[in-house]
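Hi,

Here is the structure I promised to pass on. Have a look at it first, and then read on for what turned up.

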Amino acid sequence: MNNKKILHLSVILSFTLSSSAAFASAFQSFEQNASDLGDAYSGIAAIADDASTEFANPAGLTRIKHPEVAASTVLVDASSDFTATGATSQGNNILNTAASKKDEPLGLNPLPAFHYATPLTDRVFFGLGVTVPFGLSGNYDKNNAARYFATRSKLMTLNIGPSLAWKIIEPLSIGAGFDVQYLRADLDQQVDAAGILQPNATNRDQDATIKNTADDWGVGYHLGLLYQMTQETRMGFLFRSPVHYHLEGKSKVTYYNLSPGDQDNLESKGLRNSDIDANMAMPAYAVLSLVHDFNREWTTMSSVSYTHWSRFQDLTLRFHSNAPPVTIKENFHNTLRYALGANYRLNDRWLFRLGTAYDNSPTNNHWRTVRLPDADRIWWSLGLQYKPMKQLAVDVGYSYIYIKNGNVYQSEPNSTTLSGYYDNNYANLFGLQLSWMFI
């Protein structure tokens, strides 16, 4: 087995349990720890109170006094009801051909993360993280009205990011690092084989299944700044660069209940196994946070996050057969996320968290797709930290996310259309984190 295959296998095995269902705007994930889940990640770039600051703001590493590791998992339990109001294939109405009009494409997925931080000198600090910054997961039944646009959609990223921080003067620190990021995308759907072979014919039992899988590695960078404005107030800023990919992979076609002659006919039109490629980029984003300590007991946090989603307009899959390329149009716009939170420290062992956030979606009713049925969200969060000993901190957090209802309308040049709506949209997030200081 060559080195590339060994590396890919190790990545997949390491994150086998992660289905990467991110729960910030679109498929971005703020859930890189569980300690800040309880305050809705409201002070994420300035709080800097455990090793996970290496991802949230590398400059915050200068607040880590001892070597520390933090391991967390956030379990995302998402729900959304999809109802089709219209669907055609090759111009034929398929809602009257035993197609299911309803489905629940979301489900249960974990988001794991690992962080390490250590001082190197009094002024220089090092951090390393393994995280899942972007991801999505959705499934529609092969009998659903949406099947000619999507069945299974899965996007997984794995980010390995080393960082260095430097305390320039006592109130001011800077940090920087680079990101080595792996991306894998699985985009499956059904094809109306009967309708292609014979106009005005739609036979669900003769649908073909297409499974598209592609992956690549990309490289980016991140920058951070932490400034202690007063003894009680500090500001943190994070910038993470875009990461570009040239995805390469395979498209596999499976036929059902078709004669060999019909299969040959479809393969001559390009509907056959093929190599594929696509260009894709994860967006740049920035976070500005403020943390204020009123006293030893009470701390308040706030954040504004900006994601440059407008660079993600579409995803075009190019087939190395004579099949025409397939373009998934998203037409995203840039987004802002606002968060507020408060912590109450009862004593040296117990800390309680509370927070809320408004998370703007990069899509709308005109451009929403069934692969990414996103909408604006409101977070309500609470959590607590317990320190049974000086070296160990246990964090648990919970967030309820209300997601607005949304409509969807998609069409393809071959007179294949879909219209419908999503309602009863929400998610429950449960987080657990263990942090250990080597004192």
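Let me start with the lining of the largest pocket, which by class has 20 nonpolar, 16 polar and 7 charged residues. Please keep in mind that this is a predicted model. The space in that largest pocket comes to about 1200 Å³. Its lining is made up of 43 residues, and those nearest the centre are Gln189, Val326, Glu412, Pro413 and Asn414. Several strands supply at least two lining residues each, among them E8 (172-191), E9 (208-228), E11 (243-254) and E21 (406-412).

The second largest pocket holds about 750 Å³ of space. It is lined by 29 residues, and Ala48, Asp49, Arg63, Arg345 and Lys387 are the closest to its centre. Its lining divides into 9 nonpolar, 6 polar and 14 charged residues. Here, too, strands take part: E17 (335-345), E18 (350-359), E19 (377-389), E20 (392-403) and E22 (416-437) each give at least two residues to the lining of this second pocket.

Now to the hairpin of E21 and E22. These two strands run antiparallel and are joined by 7 bridges. One of the pairings sets tyrosine 409 against serine 419 in E22. There are 3 residues between the strands of the hairpin, and serine 415 has a positive phi near 60° there.

Serine 415 is worth a click in your viewer. It sits in the loop between E21 and E22. Leaving aside residues up to four places away in sequence, serine 415 touches Thr88, Ser89, Gln90 and Gly91. For glycine 91, the C-alpha atom is 4.9 Å from that of serine 415, although 324 residues separate the two along the chain.

Finally, the chain as a whole. Its secondary structure comes to 4 helices and 22 strands. The radius of gyration is 24 Å, close to the 22 Å that the globule rule gives for 439 residues, so the chain is as compact as a globular protein of that length. Along the principal axes, the C-alpha trace spans about 75 × 45 × 35 Å. Of the 439 residues, 54% count as buried. Among contacts between residues at least 6 apart in sequence, 73% join residues at least 24 apart.

Happy to go through any of this with you.

Best wishes

Key:
Residues are numbered from 1 along each chain as its sequence is written. This is a predicted model: local features need pLDDT of at least 70, side-chain atom pairs count only at pLDDT 80 or more; totals for chains, interfaces and linings use all residues. Side-chain values use heavy atoms; hydrogens and water are left out. On a 1 Å grid over the protein atoms alone, a cavity is a set of points where a 1.4 Å probe fits but cannot get out, and a pocket is an open set with protein on both sides within 12 Å along at least five of seven lines; lining residues have an atom within 4 Å of a point. Grid points are joined across faces, edges and corners, and a volume is the space filled by probe spheres set on the points. Ala, Val, Leu, Ile, Met, Phe, Trp, Tyr, Cys and Pro count as nonpolar, Asp, Glu, Lys and Arg as charged, and the others, Gly among them, as polar. Two strands pair if DSSP finds at least two bridges between them. Contact means heavy atoms within 4.5 Å. The radius of gyration is taken over C-alpha atoms; the globule rule is 2.2 Å times the number of residues to the power 0.38. Buried means under 20% relative accessible area, exposed over 50%, partly exposed in between (1.4 Å probe, protein chains only).
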